[in-house]
Structure formats: C-alpha cells, structure tokens
Amino acid sequence: MWRRVASSLSPMISSSSSSSRSLALNQAASGLKLGEFFSTHMINPEERVSPPKEKAPFITFVLGGPGSGKGTQCEKIVETFGLQHLSAGDLLRREIAMNTKNGATILNLIKDGKIVPSEVTVKLIQKELESSDSSKFLIDGFPRTEENRVAFERIIRADPDVVLFFDCPEEEMVTRVLNRNQGRIDDNITTMKKRLKIFNALNRPVIDYYKNKGKLYTINAIGTVDDIFQQHVLPIFNSFEQFKESRHVNPKSTISSSLVESSS
C-alpha cells in the first residue's frame, strides 16, 4: 500500500549511517542509559523512514484519560465506519507475547520501570500501517507524550486528520474506573488521582499542539455511550467525505481485537 524506499542507499547516506553507529557505540561504552541504548540499537539507523504515500491514509488519534470513555467510543467508531483499530499498548504486548528478541527487551524495560522509547512504538505502528490493506486507521491512546508525537511525524511522515480528546471531569473518571470492575486490580482513589496527574502532565502538551493546528476535537464525555457518540462523535466523521456513505461497514468489529479487519 505504501511505496517502499529503494533497497540501495547512496554512498553518502551509507557513510553517514556508519558514522552514526560508531558514535552510538561510543556513547553506550561511556554509560549510555538503557532506554537510550535500546532506542539506538533496536532501531537500525539504516531502516527506512516512510516516504509520503501516493494517497495518504486517513489517521485518527484518540486521546483521553483513564475512565474518559474513549475505549467504548473507539469501539463504536470502528463498528460504524470500518477504521482499522491500532493500540500502541496492544502492539507492545503482542511483541512481548511473541517472545521475540525485541519483545524480551521491551519487557525488561517495563519491568525496570523504564519507558519504551518512542521510536520502538512508532516502528510497530509503522509496520501495521504498511502491511494493511486499509486506508483508514484509528490509533487509540497515542501519542501519549510530545516525544511520541515527534517520533511519529518524523518516521511516518504523516499528520493525523482527526484528533479526538474525550474531556471528562476528574471525579467522574475516578468513579467510572473504580465502579467498572476491570482494569488494574490495585486501582483506588489515590492511585487513580496519581494516574490522572501523570496523564495531564504528559498529554496536555500534545492536546495543545493539535488544538493550535486546528485538528483537535474536544468531546464532552459526560453522558451515555450512545448519546456521546450520536451527539458529538458521529457529526465529526460525517463531515469528512469518505465517511458519509460508510455507516455499518464493519458491524461485527470489536475493540478487543488490536487489529480490526476493515472492508474499506
């Protein structure tokens, strides 16, 4: 679906890549942090960066704190419009479950309380975008940070068409999470407030960035699932030409699948 970069690189690029590898190895020998080392060496400097597509995919980012209701809304969007659902967290967990070398390294980083480098997550997303027959994607819970956003734009060379932010009062989100009997077993008021504080600190710059670019749609996430979808979400997608005749394209889709087959 996407054009591939030519397999042979110019001598100038090869020389530059070789120099970059040497510098990275020297830094690692000097005590480079594990996360930085992982980012440098797992992602081969000679790996391709996606060129612009002949026909760019339609990309939607969905943001919102725990308990904001974005998960159920993602399900309804996928079911109604047939977007392919991608979750950064699911892709990382799948890599770990497959017991690959990269998965083992990801697991060790998480166990050590370190954040998986953005380049790693974006490369997994890139693989899904390139291997799919779909041209419409919903990326759930990403980007979480400015570093995520910058890495996505640099590697994928694409901007999202739509960024949905489900805005919900803190007390409502806490109540929803504690009453839904799923998710983290250690959730309580204290841990939830801490999670929300971290989310706001990391995600707010991303929200503000897309707001300034005119791509952000802030959704009042108070109400029933159907009311929020009908009143706030549906009109957004109906405003885009490619979705006007797309209703019920994939009615059997479920959010439990990290990659939803699309019939676009």
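Start by selecting Phe58, Phe81, Phe237, Phe240 and Phe243, which ring pairs join into one cluster. Rings of Phe, Tyr and Trp (its six-membered ring) count as a pair if their centres lie within 6.5 Å; planes under 30 degrees apart are stacked, over 60 edge-to-face, and the rest tilted. The model is predicted, so local features need pLDDT of at least 70 and side-chain atom pairs pLDDT 80 or more, while totals for chains, interfaces and linings use all residues. Residues are numbered from 1 along each chain as its sequence is written, and side-chain values use heavy atoms, without hydrogens and water.

Across the whole structure, a search finds 10 aromatic pairs. Keep Phe58 and Phe243 on screen: their rings are edge-to-face, 4.8 Å centre to centre with 80° between the planes. Phe58 belongs to strand E1 (residues 58–63) and Phe243 to the segment after helix H10 (225–238), so this pair ties together parts 185 residues apart in sequence. Helices (H or I, at least four residues) and strands (E, at least two) are DSSP runs, numbered from the N terminus. Phe58 and Phe243 are both buried (under 20% relative accessible area; exposed is over 50%, partly exposed in between, with a 1.4 Å probe and protein chains only).

Next, select Tyr209 and Tyr210. Their ring centres are 5.1 Å apart and their planes at 80°, so this pair is edge-to-face. Tyr209 is partly exposed, at 24% relative accessibility, whereas Tyr210 is buried, at 0%.

Finally, go to Lys76, which lies over the face of Phe229, 5.3 Å from the ring centre.

Key
Lys NZ or Arg CZ within 6 Å of the ring centre and 35° of its normal.
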